[in-house]
Amino acid sequence: MTEFLNSVYGEFNICFNLIKFDHIISDEGYDGDDITNLFNTLYDGIALQIFVPNDYQYRGQARFYELKNVVRKDQIDTGILNHDVGHNLGLRHPFICERVTRDPSNPNYNADVAGDYVIDTNAAPNFYPIMNYVSEDCKTYSGNLTNCHGEQYTNLTESDLKNVMTWTFCPRIIFTTGQKITIHETLQNCSSKLFNNTINENAIDLTSKNSDLDYSIEPDNQTGVIWESPDIWVRNQSDGFIIQEDEVLKFVSNQTAVYVYVKVRNIFCDASSGEDELKLYWAKGGLSQDWPTVWEGATANGLQIGNNVGTKNIPSISAGGHTILEFEWQPVNPDIYEDAGFKKPWMFCFLSRIVSQDDPMSYPEIANVAENTRNNNIIAYKNTTVENIGLSGELGSIFVGNFNENEMKRIEEK
Ligand SMILES: [Zn+2]
């Protein structure tokens, strides 16, 4: 559904992301009732709600300037969806009576105050009953019908016949420049401020999630615990591209690294530049982790309590795609923190920050990293556990092999 919308709206930088999908079990909508009373709040942030009934009396129905519409199930990849979202975003039907002239000096000129109020959509009829006057390729109209002022429609073009906002059996895939401007003006200026959290002045929108409830809206008011990002995971061996799950990290020795993985998502309609960076930091858990002092390298009681882990280039990510970056990190023996009297000696935290000219911080960073993470969707935060498995005493080795070469096996210690 979002792919279909983005194929038409993405061209002028209107980008749709799926936030949530859920089922409503209800008899309403099966028997031709008006189901707009089903519009309720399944998601308490601001988002366009699209209801998709199996059966419905209309193919689609939208509330003008509101974030609600209904699209019958068989219409989700037709022009109906584009059309009704157009109404949500402030567009009217272009076939409501207006004068034919497009010449502002003509005394009859009313394109700016009549019909759809968009001056570069022609005065046009509802094409549904007169499709026989429209060529099969939807490029020309050959009728001599007149509008409510008795004027013949002239100059009807492909952009009128295939216009997203008209009633036509042609593919509804064209917006005029005036319609595109109207949509952007609705987003910027809608008096209810309905769309304010959707406006993104940046050239791109990269993000790592704080939780499954994080839909990249800033600040993230949906996530509860902010330091459990599912987009950061830690492994004792370099297998995190395949196994995207956390492990308890093991301190083996001062020469045995572990691996940290960060997923970066591009939720924009364009590919990212390939010139962005991801910075990863660690800090000792169980103590105050002021940004940036602790994370950029600090000590307490003579022990390191935070530092840079590394910086990696973020390769170009396609629209709607993601990439995973791998970092090596040398854990510190938790016993030495315990011996020095630290609370929660086993707790270590990671902070990932996307550094991008195209997608800067939305809110200035302060000392409180939890708040920075909530405010900026380019920051993610993860608490992890490191245990000392201190390899003292006798060592033995066990040979483990995978004799079925076609299938990967995963072996876990319990
Ligand atoms: Zn309509």
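**Strands, metal site and helices**

User: Start with β10. Which residue in it is the bridge partner of D276?
Analyst: The partner of D276 is I314 in β10. Keep in mind that this is a predicted model.

User: And L280, which residue does that pair with in β10?
Analyst: G310 is the bridge partner of L280.

User: In what sense do β8 and β10 pair, and over how many bridges?
Analyst: Antiparallel, over eight bridges. β8 covers residues 276–284, and β10 covers residues 303–314.

User: What about β9 and β10, how many bridges there?
Analyst: Three, again in the antiparallel sense. β9 is residues 298–300. A300 stands opposite L303 in β10.

User: How many residues sit between the strands in that hairpin of β9 and β10?
Analyst: Two. N301 takes a positive phi there, near 50°.

User: Where do these strands sit in the sheet order?
Analyst: The sheet is open and has six strands, in the order β6-β13-β12-β8-β10-β9. The pairing is mixed. β6 (249–251) and β9 are the edge strands, each pairing on one side only. From one strand to the next, the twist averages 25°.

User: Switching to the metal. Which residues coordinate the zinc ion?
Analyst: Three histidines: H83, H87 and H93, each through NE2. The distances are 2.0 to 2.1 Å.

User: What spacing do the donors follow along the chain?
Analyst: H-x3-H-x5-H.

User: Which helix holds H83 and H87?
Analyst: Both lie in α2, residues 79–88. They are four residues apart, about one turn of the helix.

User: How many residues of α2 are buried?
Analyst: Ten of the ten, so α2 is largely enclosed by the rest of the structure.

User: What do the buried residues of α2 pack against?
Analyst: They pack against α1, β1 (49–51), β2 (60–62) and β3 (68–71).

User: Which residue just after α2 takes a positive phi?
Analyst: G90, at about 95°.

User: On to α4. How far does it reach from its first C-alpha to its last?
Analyst: 18 Å, over 13 residues (177–189). That is close to the 18 Å expected at 1.5 Å a residue.

User: Which residues of α4 are buried?
Analyst: G178, Q179, K180, T182, I183, T186 and L187. The buried residues of α4 pack against α1 (2–9).

User: Last one, the start of the chain. Where is M1 placed?
Analyst: In the segment before α1.

User: Which residues does M1 touch, leaving out those up to four places away in sequence?
Analyst: I50, V52, I76 and L81. One of these, L81, is also among the buried residues of α2.

User: How far apart are the C-alpha atoms of M1 and D77?
Analyst: 6.5 Å, although the two are 76 residues apart along the chain.

User: And how does M1 count for accessibility?
Analyst: Partly exposed, because its relative accessibility is 35%. That class lies between the 20% and 50% cut-offs.

How values were computed. Residues are numbered from 1 along each chain as its sequence is written. This is a predicted model: local features need pLDDT of at least 70, side-chain atom pairs count only at pLDDT 80 or more; totals for chains, interfaces and linings use all residues. Side-chain values use heavy atoms; hydrogens and water are left out. The expected span of a helix is 1.5 Å times one less than its number of residues. Buried means under 20% relative accessible area, exposed over 50%, partly exposed in between (1.4 Å probe, protein chains only). Contact means heavy atoms within 4.5 Å. Two strands pair if DSSP finds at least two bridges between them. Donors are N, O and S atoms within 2.8 Å of the metal (3.2 Å for Na, K and Ca); water is not among the atoms, so sites may look incomplete. Axes are lines fitted to C-alpha atoms, for helices over the stretch in contact, and angles run from 0 to 180 degrees between N-to-C directions.
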